[in-house]
Amino acid sequence: MKILVFAEERDGQFKRAAFESLTAAVGIAKSIPAEVIALVVGDGVSGIAPQTGHFGASRAIVVDDPRLGRPSTTAYAKVVADVARRESADVIMMPASAMGKDISPRVAAKLGAGLASDCTALTVSGGNILAMRPVYAGKGIVEVAIATPTKIFALRPNVFAAGPPAGAECPVESIPAELADEDFGAVVSETKSSAGKKDVAEADIIVSGGRGLKGPENFAMIEDLAGALNGAVGASRAVVDAGWRPHEEQVGQTGKTVSPSLYIAVAISGAVQHLAGMSSSKCIVAINKDKDAPIFTVADYGIVGDAFEIVPALTKEVKRLREGGTA
Amino acid sequence: MKILVFVNHVPDTETKVKVSGDGKTIDPGGVNFMLNPYDEYAVEEGLRLREKFKGEVVAVSLGGETHKETLRKALAMGCDKAVLLKDSAERDSFAVARGLADFAKEFSPDIILCGKQSIDYDDAQVGGLVAEMLAIPSVSVVVKLEIEGKAAVVEREIEGGREVVRLRLPAVIAAQKGLNQPRYPSLKGIMEAKRKVIDERNPAPAEIRVRVSSMRNPPPKSAGKVVGTDASAAGELVRLLHTEAKVL
Ligand SMILES: Cc1cc2nc3c(=O)[nH]c(=O)nc-3n(C[C@H](O)[C@H](O)[C@H](O)COP(=O)(O)OP(=O)(O)OC[C@H]3O[C@@H](n4cnc5c(N)ncnc54)[C@H](O)[C@@H]3O)c2cc1C
Ligand SMILES: Nc1ncnc2c1ncn2[C@@H]1O[C@H](COP(=O)(O)O)[C@@H](O)[C@H]1O
């Protein structure tokens, strides 16, 4: 069997999610003997391709082309499908990142392949790969099997382990991009980064604030705590709809789905739609003055009390720990 | 401008998921269905495009008779026509996309709007699948849309920011919350929607590629630890996060 892994990069660096997909592919290859091949697509990416060997790729295929410097859903999907055909790949794996979510259905349609999106676990049973994926915003989990000869799995970022890196770099084969003008029907013309801000979707620690904080000015203490933890600021929909925080910080069913190692919910009640976006976090802390707030049903640790007193105290303790003192 | 909007009929966000007897699907008892929230942004955007560029907005849904409820909502918001691709057989996203793409081919829209994902299976596939089937560009998680001649210029959310994407039209645009503020149907709209005829078609059957073998509820979490009731608990909490949970 051959597993082709789309190793997503941005600005000449692999995303952590690329290593997660490679590691997951290697995990599958332990049960079903398989060759794991990394596919690296972009402009000026040949230099980083050998690193995929550290995460288990036996070789890497590079499609390095100046026209691919700006992400293009249409062109990237064609490259992935072309390489999958060329290699007769049985399985394609990629991150269910913003980019992966855009290109994976197109690759599936090009190859007539079944796609399991946003998978949170993969298992092997009777020689078949089964995918677990959350449905109904995490209120259910389904196990799915793909019936087509070519199978595509898009993996939710931050859920699968990456590495640890080991072993040698791998050999790289460069192949030309067979792309015509009409393959660039959609092209990124500009990237606006939220300068210096950590994104909730990628952060390992998130501190989220809710309506109980009373006003946008009180998010300063949330930012302070997030800063001390080197994490990102998140928000409930109530505060986003009130205009206190930007939409990209919203966590939940109509915001982002996150699974950091630590999620701290401050003055958030824990409505089902909010839980949908964060209940798969590895460790959840709730700070709420209402002991019956539903957020406590998913929390590992809670402090029942006034956020205005607790959060600054917490920030102080975190700083103390980070500075080497004993907490 | 010919505007096509895909609308799905899904259990509302308050739905408690109870697995039904087959062990694979949700027990529909007591579940309220609604227009998929992301598709509401798509409908609203379609109406705004019509206000700017004239033309018509057609809403299409693939599913059983009950999908008419959602199509009525789209009509009440102001869509000109509604089409039901009537089929209550089990379909995966690929098979749904096949039916929608066949209809779109016949209608030949200037733009297709849909939601970024259905909130039942959270697949986030249909928009991209249909686009590829029609060999037109697509973009998802769109929070801003502008038309510039024969192109669409959109902003989409990505990790750590936004991307501006330029697409050749026709294209499929999948809406994210933030794209607009959907209008409430007016009383007049609701009355008119009741009188409008929903066009019914029979989509061709399609092969299922991804099959659900089982559904379960996530394991319930055991009750967490209440560390304290005021600021004096902060030190203990940090200690537990450091030594017990090992996340700091
Ligand atoms: C279709 C749909 C989609 C939705 N999508 C989302 C989504 O993606 N994300 C999301 O978050 N919501 C979503 N919602 C909204 C959701 O239902 C809730 O309304 C929202 O999450 C509430 O936000 P909140 O917890 O900040 O506010 P509230 O529910 O008002 O809770 C405030 C909390 O603060 C506590 N509090 C008050 N003062 C203090 C204090 N001094 N110290 C400590 N605690 C204090 C209170 O006890 C209370 O629990 C959606 C709703 C719908 C219908
Ligand atoms: N049965 C359907 N009928 C009409 N539109 C649909 C249907 N299923 C999905 N869609 C559209 O495709 C989008 C993405 O859906 P999905 O791939 O199911 O998550 C939805 O937001 C809808 O706009």
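Predicted model: local features only at pLDDT ≥ 70, side-chain atom pairs only at ≥ 80, totals over all residues.
Ten strands, 10 in the count, make up an open sheet with mixed pairing, and their order runs β13(A)-β9(B)-β8(B)-β7(B)-β10(B)-β6(B)-β1(B)-β4(B)-β5(B)-β11(B). At the edges stand β13 (186–193) of chain A and β11 (199–201) of chain B; each has a single partner strand, so one side of each is left without a neighbour in the sheet. From one strand to the next, the twist averages 30°. Within this arrangement, β8 (residues 151–158) and β9 (residues 161–168) of chain B pair in the antiparallel sense, with 8 bridges between the two. Here Ile158(B) has Gly161(B) of β9(B) as its bridge partner.

Two helices of chain B pack on the sheet. One of them, α3 (residues 93–107), touches β1 (2–6), β4 (56–63), β5 (81–86), β6 (111–115) and β11 of chain B, and its direction makes about 150° with that of β4(B). The other, α4 (residues 126–134), touches β1, β6, β7 (138–148) and β10 (172–175) of chain B, at about 155° to the direction of β6(B).

Chain A has a hairpin worth a look. Its strand β8 (residues 121–125) runs antiparallel to β9(A), and 5 bridges join the two. Leu122(A) stands opposite Ala131(A) of β9(A). There are 2 residues between the strands of this hairpin, and Gly126(A) in the turn shows a positive phi of about 55°.

Next come the rings. Over all chains, the count of aromatic pairs comes to 5. One of them joins Phe6(A) and Tyr76(A) edge-to-face, with 6.4 Å centre to centre and 80° between the planes. Since Phe6(A) belongs to strand β1 (residues 2–6) of chain A and Tyr76(A) to helix α2 (residues 73–87) of chain A, the pair ties together parts that are 70 residues apart in sequence. Both partners are tucked away: Phe6(A) is buried at a relative accessible area of 1%, and Tyr76(A) is buried too, at 3%.

Another pair, Tyr136(A) with Tyr121(B), is tilted, at 6.0 Å centre to centre and 55° between the planes. This one crosses between chains: Tyr136(A) comes from the loop between β9 (128–135) and β10 (140–146) of chain A, and Tyr121(B) from the loop between β6 and α4 of chain B. Tyr136(A) counts as buried because its relative accessible area is 6%, whereas Tyr121(B), at 25%, counts as partly exposed. Elsewhere in chain A, ring pairs link Phe14(A), Phe19(A) and Phe55(A) into a cluster.

The charged end of Lys2(B) is placed over the ring of Phe107(B), 4.8 Å from its centre. Arg209(B), in turn, lies over the face of Phe94(B), with 3.7 Å to the ring centre.

Last, the serine. Ser259(A) falls in the loop between α5 (237–241) and β16 (262–266) of chain A.

Definitions and conventions: Residues numbered from 1 in each chain as written. Chains lettered and ligands numbered in written order. Heavy atoms only, no water. Helix = DSSP H or I, 4+ residues; strand = E, 2+ residues; numbered from the N terminus. Pairing = 2+ DSSP bridges. Axes fitted to C-alpha atoms, helices over the stretch in contact; angles between N-to-C directions. Contact = heavy atoms within 4.5 Å. Phe/Tyr/Trp six-rings, centres within 6.5 Å; stacked < 30°, edge-to-face > 60°. Buried < 20%, exposed > 50% of the residue type's maximum accessible area, 1.4 Å probe, protein only. Lys NZ or Arg CZ within 6 Å of the ring centre and 35° of its normal.
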